[in-house]
Amino acid sequence: MFPRSRFAAIASPLPRRNLRAGAIGGLALLTSLGLAACGSSGGSGSSGSSSSSSSNPLAPSAAKGSVVVGSANFPENELLAEIYVLALQAKHVKVTPKFNIGAREVYYPQIQKGAISIIPEYNGALLTTSVDTSSTAATTAQVDAALTAKLPSTLEILNPSSAQDKDSVTVTQATAKKDHLTSIADLKPFAKDMAIGGPPEFKTRTDGLVGLKKNYGLTFKSFVPLDESGPLTLAALKDGKVQAADVFTTTPQIVTDKLVALADPKFNFAAQNVVPLVYKKAVTPTITSTLNAISARMTTSALLQMDKAVILDHANYSTVASAWLKAVGLG
Amino acid sequence: MSFFSFAWNWLKQPQQWHGSGGIPIRILEQLYYSGLALLIAALIAVPLGILIGHTGRGAVLVVNIANAWRAIPTLALLVLLTIWLGFSVLAWLVPLVVLGIPPILVNVSEGVAGVDPELRDAARGVGMTPWQQVRKVEVPVAMPLIVLGLRTGAIFVVATATIAAYIGLGGLGRYIIDGLAVSNYGEVAGGALFVVLLALAVQAFFMGVRRAAVPKGLRQQGRAS
């Protein structure tokens with residue numbers, strides 16, 4: 001006893017009692033992890049299907065398909081997570097929702113170590129903020145290839161959906177109709193007479209004015225620094241202070257303010273497809289196929305409509321999520 | 001790197017001094033926004049302050065309202081008005097006027113109300129009309145506080161006019177907001193430095209105004225207040 005406590009005192013500036021408690025706690029944790037590991041190997045051997053669930057309380061979620069679905073702290077991501085939860089529950093997967101965690105900086109380390117099993121992600125943002133900050137991948141295929149190559153071995157992305165929440169050049173429906181605009185490329189003859197709005201950094205960012213000039217040959221009459229697809233940008237478009245603006249493709253006001261997000265065939269703005277990011281050990285074939293079925297049916301316009309419902313109409317997330325799942329035949 | 005070396009490295013670049021986004025133009029824009037706002041605030045608050053100070057009516061109420069008024073968040077008002085009114089002049093003018101009114105109103109009304117009662121009696125005693133009392137006695141005597149109110153309001157407004165940049169307008173706030181957006185801290189520091197210099201210049205200007213506007217006989221007294 002005596003030598004051990006002296007050792008503790010030397011080893012750490014912490015009060016002795018704390019250190020001992022920590023050591024005991026650590027030991028307990030190690031023991032439970034060891035048991036858990038045994039449980040998991042036994043579990044995966046015995047059941048490929050979803051029978052005999054959660055008989056072993058120490059088994060980690062991986063063994064029996066009990067998973068933690070997380071979400072970032074903004075409405076659209078929470079809605080997507082709710083869709084995942086409801087669809088998985090419909091397949092009798094045991095799910096623990098853990099929504100509203102925070103920004104990527106907060107939840108990414110959590111999923112990396114398996115504290116979260118599934119989170120709805122945006123492939124481009126995931127790549128450039130957490131996985132490879134220097135990546136220049138732009139198209140959905142490039143971004144997904146880069147993610148597959150560079151994600152840590154514990155993580156993988158499932159199939160990306162066609163739904164994207166990304167920057168766009170957006171105009172009013174009236175402008176689009178008058179000038180027959182559907183794609184950014186159509187702006188060529190008109191840009192020189194248009195003021196474009198966006199966040200201040202849009203002026204110098206490579207995917208902002210610089211990229212629009214390089215990829216589409218567009219030079220706008222002027223640039224008006226506003227906000228990030230927020231109230232000022234929307235007011236400026238409505239007001240005619242700008243004729244085009246950088247608006248996120250799932251901003252609900254696109255519906256209510258009658259705006260058109262122009263297509264971006266040259267991927268001036270990197271892809272931001274909604275994609276499930278999963279902790280590999282936690283997912284089963286049932287989970288993978290369920291989430292892939294969601295991705296196969298999710299579109300930008302469906303997401304836009306659902307965002308409008310929860311953000312502007314204050315509809316209940318579960319109601320909106322389950323209505324969509326029913327509508328696409330997954331409910 | 002210190003604030004000043006950040007700012008210096010930015011402002012010594014010749015391109016910062018030319019064109020529509022150059023420092024001289026931005027300073028003029030800043031002076032235009034704040035000058036117009038201060039003028040309107042003064043046109044509202046000086047007469048109202050004199051009226052309150054002269055009659056002594058509603059003084060407590062108005063001073064308290066004016067002080068509470070200072071709590072109105074200028075930036076929130078700016079964004080709200082922009083959404084309501086679109087990008088009209090009023091969207092930036094109203095918040096700056098609202099900001100400028102309280103210090104002027106409070107100082108003017110206190111200044112006029114604080115005129116020595118014996119002096120008022122004397123003015124009445126020599127047969128002055130109420131208008132003459134105000135013009136010839138109360139306002140000149142209250143002048144140090146009136147100028148102080150204008151000076152405080154002007155410094156508030158000139159420093160806060162940076163927010164006009166938030167709705168896509170010019171002024172020195174352009175450097176602060178654009179610099180922050182791209183992590184160019186030299187630009188942010190440079191913009192902030194010029195705001196400080198402008199506020200100091202405004203302060204100096206009102207010192208001069210006070211020298212010119214305060215009657216000779218009151219200067220000694222004025223300095224003390």
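Modeller: Gladly, starting with contacts in chain A: among those with a separation of 6 or more, 72% are between residues 24 or more positions apart. A contact here means two C-beta atoms, placed from the backbone, within 7 Å of each other. Before we go on, this is a predicted model, in which local features need pLDDT of at least 70 and side-chain atom pairs count only at pLDDT 80 or more, while totals for chains, interfaces and linings use all residues. Residues are numbered from 1 along each chain as its sequence is written, and chains are lettered from A and ligands numbered from 1 in the order in which they are written.

Colleague: How do you know which parts of chain B to trust, and where is confidence lowest?

Modeller: We look at pLDDT, the predictor's confidence in each residue on a scale from 0 to 100. Chain B averages 90, and 96% of its residues score at least 70. Helix α10 (residues 219-224) of chain B has the lowest confidence in that chain, a mean of 54, whereas helix α2 (residues 23-55) of chain B has the highest, at 95. For the model, ipTM is 0.74 and pTM is 0.74.

Colleague: Why is Phe267(A) called partly exposed?

Modeller: A residue is buried with 20 or more other C-beta atoms within 10 Å of its own, exposed with 12 or fewer, and partly exposed in between, with C-beta atoms placed from the backbone. Phe267(A) has 18 C-beta neighbours inside 10 Å, so it counts as partly exposed. Phe267(A) is in the loop between β9 (259-261) and β10 (274-279) of chain A, and its phi is near 50°, a positive value in a residue other than glycine.

Colleague: And what about Ser183(B): is it buried or exposed?

Modeller: Ser183(B) has 9 other C-beta atoms within 10 Å, so it is exposed. Ser183(B) belongs to the loop between α8 (173-181) and α9 (185-213) of chain B. The phi of Ser183(B) is also positive, near 55°.

Colleague: What makes the buried residues of α9(A) line one face of the helix?

Modeller: In α9 (residues 209-216) of chain A, the buried ones are Gly211(A), Leu212(A) and Tyr216(A). Viewed down the axis of α9(A), they fall within an arc of 100°, so they line one face. That arc is taken over the directions from the helix axis to the C-beta atoms. Gly217(A), which follows α9(A), has a positive phi near 65°.

Colleague: Which residues have the most contacts inside the largest nonpolar core?

Modeller: They are Ile83(A), Tyr84(A), Ala236(A), Ile104(B), Val108(B) and Val157(B), in a core of 141 residues. Such a core is a set of buried Ala, Val, Leu, Ile, Met, Phe, Trp, Tyr and Cys residues joined through C-beta atoms within 7 Å. Helix α7 (residues 130-160) of chain B gives the most to this core, 15 residues. Setting aside neighbours within four places in sequence, the contacts of Ile104(B) include Ala41(B), Val46(B) and Leu150(B).

Colleague: How do you know where chain A touches chain B, and which element gives the largest share of chain A's side?

Modeller: By contacts, 14 residues of chain A meet 11 of chain B. Two elements, β7 (222-225) and α10 (231-239) of chain A, each give two or more residues to chain A's side. Five residues, the largest share, come from α10(A). That side has nine nonpolar, two polar and three charged residues, where nonpolar means Ala, Val, Leu, Ile, Met, Phe, Trp, Tyr, Cys and Pro, charged means Asp, Glu, Lys and Arg, and polar means the others, Gly among them.

How values were computed
Helices (H or I, at least four residues) and strands (E, at least two) are DSSP runs, numbered from the N terminus.
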